Amino acid sequence: MEKQFEIGYCRACGQQQILVLAAATQDAADDEATENCDCEEGMKLRQIVKGCRRIDELFGPDSENLGFVPIHEAETLELLHTVVKLTADKRLLNTNLDINRYGKAKIGMNSKGKINVKRSVVNAYQLEE
Ligand SMILES: [Zn+2]
C-alpha cells in the first residue's frame, strides 16, 4: 500500500490538522489543511488561489473553451494576478481594466468576501457610408 499523508499544515499559519481523508502527497495534505483552516491568512490565501484560477480560466489559454481570445502576454496575465492579490489584501476594492482588443476585466470583492472576476467582450460594429 502506498504511503498516505494524514497530517497537513496550513500554508498560512502552520497549524497542524488531521485530515478526514488522507492525501497522496504531503503537498496535497498541506493544500487540504490550508483549505480547511479558518485563520484569516488562510482565507486570504484561498481567495488568491481561487481568484487567480478564475483569471486563468477567463483570460489565460483555457479561456478559449469559453469562446474568448486567450491572452498570451505574460505581463498582462501577471498584472491581473497582482490585482487579485491586492484585492484579497483589501488594498484594491473594485478594479476595471480595459485590455484593448481582449475586452474588459472587472475584479472586485463581493459582500461575502469572495473575489469576483468578470471578463466582457463587446462586439460592436459600426458601418459607415
Ligand atoms: Zn491557517
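Guide: Here is a walk that begins at the helix pair and then moves out to the other helix and the loops.

Please keep in mind that this is a predicted model. Two packed helices are described by the angle between their axes and the distance between the axes. Our pair is helix 2, residues 40-59, and helix 3, residues 74-88; their axes lie 9 Å apart and meet at an angle of about 150 degrees. Angles over 145 degrees count as roughly antiparallel, and therefore helix 2 is roughly antiparallel to helix 3. The crossing of helix 2 past helix 3 is right-handed.

Let us see who takes part. From helix 2 come Lys-44, Gln-47, Ile-48, Gly-51, Cys-52, Ile-55 and Phe-59, while helix 3 brings Leu-77, Leu-80, His-81, Val-84, Lys-85 and Ala-88.

Ile-48 sits in helix 2, and apart from neighbours within four places in sequence it is in contact with Val-84, Lys-85 and Ala-88. His-81 is 33 residues away from Ile-48 along the chain, yet their C-alpha atoms are separated by 8.2 Å. Is Ile-48 buried or partly exposed? A residue needs 20 or more other C-beta atoms within 10 Å to be buried; Ile-48 has 18 such neighbours, so it counts as partly exposed.

In helix 1, residues 26-36, the buried residues are Ala-29, Ala-33 and Thr-34. These three cover an arc of only 135 degrees around the axis, so they are on the same side of helix 1. Among the elements that cover them are strand 1 (5-9), strand 2 (16-23) and helix 2.

Those two strands lead us to Gln-15, in the loop that runs between strand 1 and strand 2. Take Cys-39: it is 24 residues from Gln-15 in sequence, and the C-alpha atoms of the two are 9.0 Å apart. Gln-15 counts as partly exposed because it has 15 C-beta neighbours inside 10 Å.

Now follow the chain out of helix 3. In the loop between helix 3 and strand 3 (94-98) you will find Lys-90. Lys-90 is not a glycine, although its phi is positive, at about 60 degrees. It has 10 C-beta neighbours inside 10 Å, so Lys-90 counts as exposed.

The loop between strand 3 and strand 4 (104-109) holds Asn-100. Its phi is positive too, near 45 degrees, and Asn-100 is a residue other than glycine. Asn-100 counts as exposed because 8 C-beta neighbours lie inside 10 Å.

Our last stop is Asn-110, in the loop between strand 4 and strand 5 (115-120). Asn-110 has 8 C-beta neighbours inside 10 Å and so counts as exposed. Leu-93 is 17 residues away from Asn-110 along the chain, and their C-alpha atoms are separated by 9.3 Å.

Technical notes. Residues are numbered from 1 along each chain as its sequence is written. This is a predicted model: local features need pLDDT of at least 70, side-chain atom pairs count only at pLDDT 80 or more; totals for chains, interfaces and linings use all residues. Axes are lines fitted to C-alpha atoms, for helices over the stretch in contact, and angles run from 0 to 180 degrees between N-to-C directions. Helices (H or I, at least four residues) and strands (E, at least two) are DSSP runs, numbered from the N terminus. Angles under 35 degrees count as roughly parallel, over 145 as roughly antiparallel, 65 to 115 as roughly perpendicular and the rest as oblique. A crossing is left-handed if the near helix is turned anticlockwise from the far one by less than a right angle, and right-handed if clockwise. Two residues are in contact if their C-beta atoms, placed from the backbone, lie within 7 Å. A residue is buried if 20 or more other C-beta atoms lie within 10 Å of its own, exposed if 12 or fewer, and partly exposed in between; C-beta atoms are placed from the backbone. The arc is that of the directions from the helix axis to the C-beta atoms.
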